[in-house]
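Work through the exercises below with the sequence and the structure at hand. Try each task before reading its solution.

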Amino acid sequence: MNDALLIVLAASAIRLAAPLMLAALGELVSEKAGLLNLSLEGMMLAGAFGGALGCYLTGSPVLGLVTALLFSAAVAALQGVFSILLRANQIVSGIGLNIAVLGLTTIASRTIFGRNAGFTIPGFGKVVIPGLADLPVMGPALFMQSGFVYAAPVVALLIATLLYRTTAGLALRAAGNEPRAVDKSGASVIGVRWLAVMVTGLAAGLGGAVYSLADIHTFTENMTSGAGYLALAAVIFGRWRVGGTVVACLVFGVASSLQFQLPALGVDFLPAALLIMLPYLLALLAVSGLVGPQSPPRALTVPFDR
Amino acid sequence: MTTMGDILHRFAASSAGAVVLALTAGLLLMSALAPSLPAALSAFAQGAVGTPYAIGASVNRAAVLALVGLGFILAFRANLTNIGGEGQMAMGGLIATAVALRTDAGTLPLGLGIVLPALAGGLAGGLWAALAGWLKVKRGTNEVISTLLLSFVAWWLVYWSVHSDALLRQPRTSSTSLPESEDIPSSAILGMLSAPMHQGVLAVLALAVVVYIVMAHTVWGMRLQAIGLNAAAARRSGLSIGGLTIGVMLASGALGGLAGAFMIQGEQYNLKAGFTSGYGFDGLVVGLLARGSAPAVLLFALLFGFLRSGGIGMEIAAGVPSAVVLTMQGLVILAVAAAEFLRLRQARRPA
């Protein structure tokens, strides 16, 4: 394999991994607190749509990003109402939210942007880091990316700090394992779960905005097309750890990017479909405990009722 | 004393109430979007029940949804949430197509040419779900996560099958040959009751009766309910939780697999990537709404079958996006999820 091809492969793997990583790290926070958000897909889609809408109306990518976060946070708040306030089935309400968000963004997109999408918005360009981008091979792959790619490791650090270096994080992780004990200690299970679901919403919105504001500067119906489910799989494959989740997303990014680059590499014995299903197979292996013990939070999907 | 609030609560806490609320919201959405609401509604009605053809197509849709819904309530009886109907349908359609195209089943007498692919499809869907049951028993894997992941794998297996020349892709006769399978032979196609309504509809009615009887009047059904209500107590009383879990997932998935086979053998006649187009998830909703009742599954399946047809008609004739119907379905699910809370609160309140 020559360098040019390797650069293309690595660059696209990292570009594809970034939105997954942002959303998956957000979802990790919720799951640590005992909440499973199948609506992660809906949050990302709402983020992608909000980003495009804000940018379309104001012409400013920054305001687009703000709108993206508002939209995804709204979906997260709704999920919180169902999971935390109403103690509804988290899976059912998550699927319901995904379907409703898909329907609403499709309708809104046609009403506002018109039937023949084809519109473009300003969006964010690539940020070239001077000096580092000139490094051989990995320089261009790592340091000529959109701002979202650089944001991903920062978000990973922030979330690791939140989970493992703060008292809120301690209560949050305990709420996912022993909610009764947290309640007895005087901390609020409900409170930390709300914190968790809103963090998820913001991170997923950031991830969703990558699609409309950075990858291509427009919105298409069902733009995220399952990225949220892939991010959910990444949390499982990452065995509910920050580092594991990051690695899982990178693996998924490489698999997705290979699927586009394989023909260029002259490999035709490996069907692209196999690579696309690889993340789901890996997650399945992980959740079956076949790649080491599985350690989901014990109170995952269990509503808390004082 | 019954207050207005109580009545409202009770109304909203029933599935019917949830559906009515969601449909009302959908109607409001429609009136905001349609240039003319009467025109949109008439297009909707035309698409759903306007012609004998429309009715037949809607009933076929309902049959598919009913099978997935029946599978859902069966597993749910044992407190297992099978959300993988989409994947079980995909496997059913895939294997039914493979048997119809790649074996000599079509030359067999007594309608075996139709029955064998359908049974193989059912078995494939059943095994796909049983895999999730097995993982649950052996590794403690949450079936919600595994059935969902298995659905994605199945989706891409179908995609792979119709893109690979070595598998089911039709011969490339021209540059326009699509990545789809060939049409299945006519010996594998379901007979028509009244075109386009196919005989699979009768099988669905029969299976609804079977599921009803199994759940309400058989020892196996009682055992499912026992592990559903209290797995620990059921285990102490000597029931084989593992066997029942795998068995009921097999049965649940088989109904989904049969739904996939019927879609191919009754309507589409060849395999395409993504041919299940969300019916598995709609069927899951039907199962949820029915709250464990087989007759209610049929009712809600009909409602959703007609809704889908109406939505398509509305999009074509009145230019209202069928996403309105999608949104309505999402709202129905959310309303049902919320209704559960009201019901629980009611149950807790002293009489």
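**Exercise 1: a residue in a helix**

Find the helix that holds B:Leu150, which is α7 (residues 143–163) of chain B. The model is a predicted one. Decide whether B:Leu150 is buried or exposed, and list its contacts.

Solution. Next, set aside residues within four places in sequence; the contacts of B:Leu150 are then A:Leu284, B:Gly84, B:Gly87, B:Trp128, B:Leu131 and B:Ala132. Last, take a distance: B:Gly140 is 10 residues from B:Leu150 in sequence, and their C-alpha atoms are 16 Å apart.

**Exercise 2: helix lengths**

Compare the span of α4 (residues 52–77) of chain B with the span expected at 1.5 Å a residue, then do the same for α13(B).

Solution. Helix α4(B) has 26 residues, for which 38 Å is expected. From its first C-alpha to its last it reaches 37 Å, close to that value. Helix α13(B) has 25 residues and should span 36 Å; its end C-alpha atoms are 35 Å apart, which agrees. B:Asn79 follows α4(B) and has a positive phi, near 60 degrees, while B:Gly319 follows α13(B) with a positive phi near 70 degrees.

**Exercise 3: two helices against α13(B)**

At what angles do α3(B) and α4(B) cross α13(B), and how are these angles classed?

Solution. Two packed helices are described by the angle between their axes and the distance between the axes. For α3 (residues 37–50) and α13 (residues 294–318) of chain B, the axes come within 7 Å and cross at roughly 130 degrees. The two are therefore oblique to each other, and the crossing is right-handed. The residues of α3(B) that meet α13(B) include B:Ala43 and B:Phe44, and those on the α13(B) side include B:Phe306 and B:Gly310.

For α4(B) and α13(B), the axes come within 7 Å and cross at roughly 135 degrees. They are therefore oblique to each other, and this crossing is right-handed. Among the residues of α4(B) that meet α13(B) is B:Ala66, and among those of α13(B) are B:Val297, B:Leu298 and B:Ala301.

**Exercise 4: the core**

Say how much of α4(B) is buried, and list what B:Ala66 touches.

Solution. Of the 26 residues of α4(B), 22 are buried, so the helix is mostly covered. The largest nonpolar core has 239 residues, and B:Ala66, B:Leu67 and B:Leu70 are among those that touch the most other members. Leaving out residues up to four places away in sequence, B:Ala66 touches B:Val204, B:Ala208, B:Val286, B:Val297, B:Leu298 and B:Ala301.

**Exercise 5: where the chains meet**

How many residues of each chain are in contact with the other, and which helix of chain A gives the most?

Solution. The contact involves 35 residues of chain A and 34 residues of chain B. On the chain A side, α4 (90–113), α10 (227–237) and α12 (272–287) each supply at least two residues. Helix α4(A) gives the most, with 15 residues.

**Exercise 6: a cis peptide bond**

Solution. The bond runs from B:Ala195 to B:Pro196, with omega near 5 degrees. B:Pro196 lies in the loop between β1 (192–194) and β2 (197–198) of chain B.

Notes:
Residues numbered from 1 in each chain as written. Chains lettered and ligands numbered in written order. Predicted model: local features only at pLDDT ≥ 70, side-chain atom pairs only at ≥ 80, totals over all residues. Helix = DSSP H or I, 4+ residues; strand = E, 2+ residues; numbered from the N terminus. Expected span 1.5 Å × (residues − 1). Buried ≥ 20, exposed ≤ 12 C-beta atoms within 10 Å, placed from the backbone. Core = buried A, V, L, I, M, F, W, Y, C linked by C-beta atoms within 7 Å. Contact = placed C-beta atoms within 7 Å. Axes fitted to C-alpha atoms, helices over the stretch in contact; angles between N-to-C directions. Parallel < 35°, antiparallel > 145°, perpendicular 65-115°, else oblique. Left-handed = near helix turned anticlockwise from the far one by under 90°.
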